[in-house]
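Hi,

Here is the model I promised to pass on.

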Amino acid sequence: MTKPILIEILDGVQTLTINRADKKNALTQEMYGQLADALRDAEDNPDIRVSLITGVADSFTSGNDIMDFIQNPVSGEDAPVIRFLYALAEVRKPLVAAVNGLAIGVGTTMLLHCDLVYAADTATFSLPFVNLALVPEAASSLLLPRMLGHQRAAELLMLGETFTADFAHDAGIVTAVVPARELQEKALGTAKKLAAKAPEALRLTKSLMKANTDQVLQAMRTEGAAFAGRLTSPEAREAMQAFMERRSPDFSKFS
Ligand code: COA
C-alpha cells in the first residue's frame, strides 16, 4: 500500500512528502499523526538538522480531508491535527517548505510556522475556513493580522479567495517564488545549507525569533475550541454536504 506520508533522511535533511495525489494531498487524522510524530522524532535525532515539507504532483495539500472532518471530528488536545499544529509551533530545528501547488487551509496556515518557504510560481493559496463555515486555525487568526494588518488579513480569512504565489510573497507568507521546475532543487539546496550550519546557533536563533510561542499556542487552543464547535454546526454541515454534492452552499436559511 502507498504511504500517505513519505519520510526520507539524507545529508541532515528530513524530507516529509505528502503523498495522496488522488485526493489533492488532503490530510487525514492518520496523516497529521505521522507528520506530528516525524517532527517530534526530528527533535531527538542528531542525524536530522532540518525538516523540509512538500507534496507530490500538483498539490502541496488541499487542507484537511473534508470527509475526515465529518467522520472524525477533532476533539481534545491529543487529536493528531492538534499534535501536528503544536509540533509546528514548538519544533526547535529549522523547518523549510517547498510549496509545489495547491496550498489550501492548513496548507497555507502551516507556512506561517515555517522558517523558509519556497513556492513554485504555479502554486496557489487559500484560506477557505469561512466558506466551510469554520474558523481559522494554526494561530492564523493571531499571526496573519500581525503580519498584514487587520484589513488585509480579513480579506484572506473572511473572503477565502484563492491568491497567487506572488501575492503570498508580497504578504510575507513566502520567502521566494521560483520556477516550478526549480522548486525542489532550491528548497532542498537551501535546507542542506542550513544543515551545514552550527546547529545550536540555528536553534537559538529560531527560539529568539519565536519568543512568542506561548501566545501562539494559546491562540491555537482558543481557535481549536471554536473550530471543534463549528464542525458539528448546521452551517458547517451544509457547507460540507455542498462540497460532497459539488454544489455551492446555501447559507440563506441561517441567521
Ligand atoms: N478533502 C477531501 N477530498 C478532497 C479534498 C479535501 N480537502 N480536496 C480534494 N479532494 C478530492 C475530491 O473530492 C476529489 O475526489 P474524487 O476524485 O473521489 O471525487 C479529488 O480530491 C480531486 O479533487 P477535484 O475537486 O475533483 O479536483 P479539482 O481540481 O476540480 O479541485 C480543489 C481541487 C482542491 C480546488 C477542490 O477539490 C477543493 O476545493 N477541495 C476542498 C478544499 C478545502 O476546502 N479544504 C479544506 C480547507 S479547511
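A quick term before the notes: I call a pair of N or O atoms within 3.5 Å a polar contact; within protein, one must be able to donate a hydrogen and the other to accept it, and residues adjacent in sequence count only if both atoms are side-chain atoms. By that cut-off, a polar backbone atom of Asn64 sits 3.1 Å from a nitrogen atom of the ligand. Ser62 also uses its backbone, with an N or O atom 2.9 Å from a ligand nitrogen. Lys23 brings a polar side-chain atom to 2.6 Å from a ligand oxygen. On its own the ligand has 860 Å² of accessible area (Shrake-Rupley, 1.4 Å probe), and the protein covers 65% of that.

Bear in mind that this is a predicted model, where local features need pLDDT of at least 70 and side-chain atom pairs count only at pLDDT 80 or more, while totals for chains, interfaces and linings use all residues. Numbering runs from 1 along each chain as its sequence is written, and side-chain values use heavy atoms, without hydrogens or water.

Around the ligand there are 15 residues (a heavy atom within 4 Å), and Lys23, Ser62, Asn64, Ile66 and Arg246 come nearest.

Strand 4 runs parallel to strand 6 (residues 102–104) over two bridges, with Ser59 opposite Leu102.

Cheers

How values were computed:
Two strands pair if DSSP finds at least two bridges between them. Helices (H or I, at least four residues) and strands (E, at least two) are DSSP runs, numbered from the N terminus.
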